[in-house]
Amino acid sequence: MTKIIEILSPDEVRRTLTRVASQIVEKSGNPSELVLLGIHSRGVPLAQILADQIEVLEQVKVPVGALDITFYRDDLDRVAMRTPAKTEIPFDLTGKTVVLVDDVIYKGRTTRAALNAVNDYGRPEKIWLAVLVDRGHREVPIQPDFTGKKLPTAKEEQVKVYVQELDGWDGVELIKG
């Protein structure tokens, strides 16, 4: 029997992203050197929300791009193929602090693929990782710099993130069973 547990409500998602945006600003020291790259698919709207919040906090418009990591994955032979999304990086990454944004970090393989993809678009000064949910179970030595919620999970459980732009509402659920 499947059991669904609400982890973050829409208000909690908003507050969590506001906190993460504040942490990014604090660590950066110079928000004008930041660029945000959302990892398709839910990382893209999350990156935009973070950029909007940074603009509210610092009156600095942070550029936002979208990164598709499909062909950088090391498990293409084991995952269902999907139609690749479009990578859109309409700015130079060289010398910038790039914040990769994703909804959930699990094994770390998506982030590893994103790091490889970023190298094709320039040479950033720094690359940081911001995630809404960290559920553990890494297979590669990658840890987020900014985490909205740490959520220890069992491997058979799923974490589902919903964003207004794609799903019609914001929230995070844990699916058991």
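Reader: How many salt bridges does the structure hold?

Author: Side chains of opposite charge can pair when their charged atoms come close. This is a predicted model, and nine salt bridges are found in the structure. One of them joins the side chains of lysine 96 and glutamate 33, at 3.9 Å from N to O. Lysine 96 belongs to the loop between S3 and S4, and glutamate 33 to the loop between helix H1 (10-28) and S2, so the pair ties together parts that lie 63 residues apart in sequence.

Reader: Which residues are linked in a network of salt bridges?

Author: Lys107, Arg109 and Glu139 are linked in such a network. Between glutamate 139 and lysine 107, the closest N and O atoms are 3.5 Å apart. That pair links distant parts of the chain, with glutamate 139 in the loop between S5 and strand S6 (146-150) and lysine 107 in the loop between S4 and H3, 32 residues apart. The side chains of arginine 109 and glutamate 139 meet at 2.8 Å, N to O. Here arginine 109 lies in helix H3, and its partner in the loop between S5 and S6 is 30 residues apart from it. As to accessibility, glutamate 139 is partly exposed at 43%, lysine 107 is partly exposed at 32%, and arginine 109 is partly exposed at 26%.

Reader: Which residues of helix H3 are buried?

Author: In helix H3 (residues 109-118), the buried residues are Thr111, Ala113, Ala114, Ala117 and Val118. Viewed down the axis of H3, they fall within an arc of 160 degrees, so they line one face of the helix.

Reader: What do the buried residues of H3 pack against?

Author: Their packing partners are strand S2 (34-39), strand S3 (64-67), strand S4 (97-105) and strand S5 (126-134).

Reader: How many cavities of 30 Å³ or more does the count give?

Author: Rolling a probe the size of a water molecule over the atoms shows where empty space is left. In this model the count comes to one cavity of 30 Å³ or more. The largest cavity holds about 50 Å³ of space.

Reader: Which residues line the largest cavity, and which elements give two or more residues to the lining?

Author: The lining consists of Leu17, Val20, Leu46, Leu50, Val101, Asp102, Ala130, Val131, Leu132 and Gly148. The elements that give two or more residues to it are H1, helix H2 (43-58), S4 and S5. S5 gives the most, with three residues.

Reader: Where is threonine 147 placed, and is threonine 147 buried or exposed?

Author: Threonine 147 is in strand S6. With a relative accessible area of 17%, threonine 147 is buried.

Reader: Which residues does threonine 147 touch?

Author: Leaving aside residues up to four places away in sequence, threonine 147 touches Arg19, Val20, Val131 and Asp134. Val20 and Val131 are also among the residues that line the largest cavity.

Conventions. Residues are numbered from 1 along each chain as its sequence is written. This is a predicted model: local features need pLDDT of at least 70, side-chain atom pairs count only at pLDDT 80 or more; totals for chains, interfaces and linings use all residues. Side-chain values use heavy atoms; hydrogens and water are left out. Buried means under 20% relative accessible area, exposed over 50%, partly exposed in between (1.4 Å probe, protein chains only). Helices (H or I, at least four residues) and strands (E, at least two) are DSSP runs, numbered from the N terminus. The arc is that of the directions from the helix axis to the C-beta atoms. Contact means heavy atoms within 4.5 Å. A salt bridge is a side-chain nitrogen of Lys or Arg within 4 Å of a carboxyl oxygen of Asp or Glu. On a 1 Å grid over the protein atoms alone, a cavity is a set of points where a 1.4 Å probe fits but cannot get out, and a pocket is an open set with protein on both sides within 12 Å along at least five of seven lines; lining residues have an atom within 4 Å of a point. Grid points are joined across faces, edges and corners, and a volume is the space filled by probe spheres set on the points.
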